[in-house]
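Hi,

Here is the structure I promised to pass along. Have a look first, and my notes follow below.

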Amino acid sequence: MARLHVESTINGEAQEFLCDANQSLLDVLRDELGLTGTKEGCGTGDCGACSVLLDGRLVCSCLMLGVEASGSEVETIEGIAGDEGLHPLQNAFLENAALQCGICTPGFIVASKALLEKHPNPDESTIRYWLAGNLCRCTGYDKIIRAVQDAAAKMSHPA
Amino acid sequence: MESYGYVAPSSIAEVLAVLNESTSAGRMTQLLAGGSDVLVQMRMPNHQPRTIVDIKKLAETNRLEVNAEGIYIGAAVSSAVMNEHQGLRKAMPGLLEAGDLIGSTQVQGRATICGNLCNASPAGDSIPALIAADGICDIATASGTREMPVGDFVVGVGKNALREGEFLLGVKFAMPKASTKDAYLRFTPRTEMDIAVAGVGVRVSVENGICTDARVSIGAVAPTALLVTTAADALIGSSLDEAALAAAGQACRDSASAISDKRGTAEYRQKVVAVLCKRAIAIAHKRALEN
């Protein structure tokens, strides 16, 4: 069967790609577009490593088809840093040593960005519930929570 | 071997035509809304290729309406979108709390309560909440639409009442009075990202301190979620006092036919469902008084 032609906006740029009807957005990002920052952990929507923003909404890219992104805006970890350098969340993760092996990190950063857009000053409980769908087997989560709090503080009171 | 196909029709008639043509041609189809169950099922070994029929492009399935005439939640409306609707939060806090328990923030960005209903898992959290809220399924058929109470929609483990060629457009409800409130509670070993050991959806109406109407539905303790009329009978006419709550809890326990699995034994589930029932009624009662 012919592959499907899809047009969407990825990290602010218009993109066209071909995909199979059953190909996930995750596989399209990694295998068709070379955006390998988005990771596959479980492939069943349980770990959050493949988190992306679809029209500003946090989703698992393994739980949607690539063709479903047609006409939508997708933001991946590759689109988080701006021209001026790393995003405050990325800096905060580095400064707080909120990563070890790094596989979960893109998902955590994307999910945290969505959180801070909705709740600029979240309390710890809000952060933990929001990030409950992102699994990390290295850090024990505490450093991640501190990093998100740090980034939230810096983003609301820039130095 | 047949390969997967994908169509995203923009009208009910087109969806019905695709379903009809596929049946005539002997091709399998899979309706797709949020996809949080469908995508996982597609990756199962030996999953047979089929035509995916995405129903998210229809105006009807994207309806989310809360007004004096009633409430309509289309089949493509995600839990995240429901959660952000203040009118819905006020009218049906219990249904929202059920949706809010299904999966992570990411999953809720896609998952729909109608999908949860169609998937018909015995542990689907939204189903007891939908039954307690007296939801009516709005089903698209070749000859128009037909309606069915949510309680009749799930007919077995993983089985729903949709006939070949039909699909679920949404669920609708009468607008509850301010003194009518719902609540949903479930028990899981973890507080997040887990599947219910037992769940209870309730709705109570309170006038002058007396319960004038009640609906109680239990989940994860039988092959399908059940409406427990004996529990409601124990509540109606009472002041929702401890004795009435205990009787309702006992009625839930008596109606359950739980199984034992890795999440809990049958005995434990029967016990927990009674406790959840009492607690959920207390929450709904408080909400009704605060209205």
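Where in chain B is B:N46 found? B:N46 sits in the loop between α2 (38-42) and β3 (51-54) of chain B. Before you read too much into that, keep in mind that this is a predicted model.

I picked that residue for its backbone: phi of B:N46 is near 65°, a positive value even though the residue is not glycine. Most residues other than glycine have a negative phi. B:N46 counts as exposed, because it has 4 C-beta neighbours inside 10 Å.

B:D134 also has a positive phi, about 60°, and is not a glycine either. You'll find B:D134 in the loop between α8 (126-132) and β6 (136-141) of chain B. This one counts as buried, because B:D134 has 20 C-beta neighbours inside 10 Å, and the cut-off for buried is 20 or more.

Now for the sheet. Chain B has an open sheet of four strands, in the order β11-β12-β13-β14, with antiparallel pairing. β11 (180-187) and β14 (226-227) of chain B are at the edges with a single partner strand each, so one side of each has no neighbour in the sheet. The antiparallel pair of β11(B) and β12 (residues 198-207) of chain B is joined by eight bridges; in one of them, B:A183 has B:V202 of β12(B) as its partner.

Two helices go with this sheet. Helix α11 (residues 242-255) of chain B packs on it, touching β12, β13 (210-219) and β14 of chain B, and its direction makes about 30° with that of β13(B). Helix α12 (residues 266-290) of chain B lies across β11, β12 and β13 of chain B, at about 35° to β12(B).

Cheers

Key:
Residues numbered from 1 in each chain as written. Chains lettered and ligands numbered in written order. Predicted model: local features only at pLDDT ≥ 70, side-chain atom pairs only at ≥ 80, totals over all residues. Pairing = 2+ DSSP bridges. Contact = placed C-beta atoms within 7 Å. Axes fitted to C-alpha atoms, helices over the stretch in contact; angles between N-to-C directions. Buried ≥ 20, exposed ≤ 12 C-beta atoms within 10 Å, placed from the backbone.
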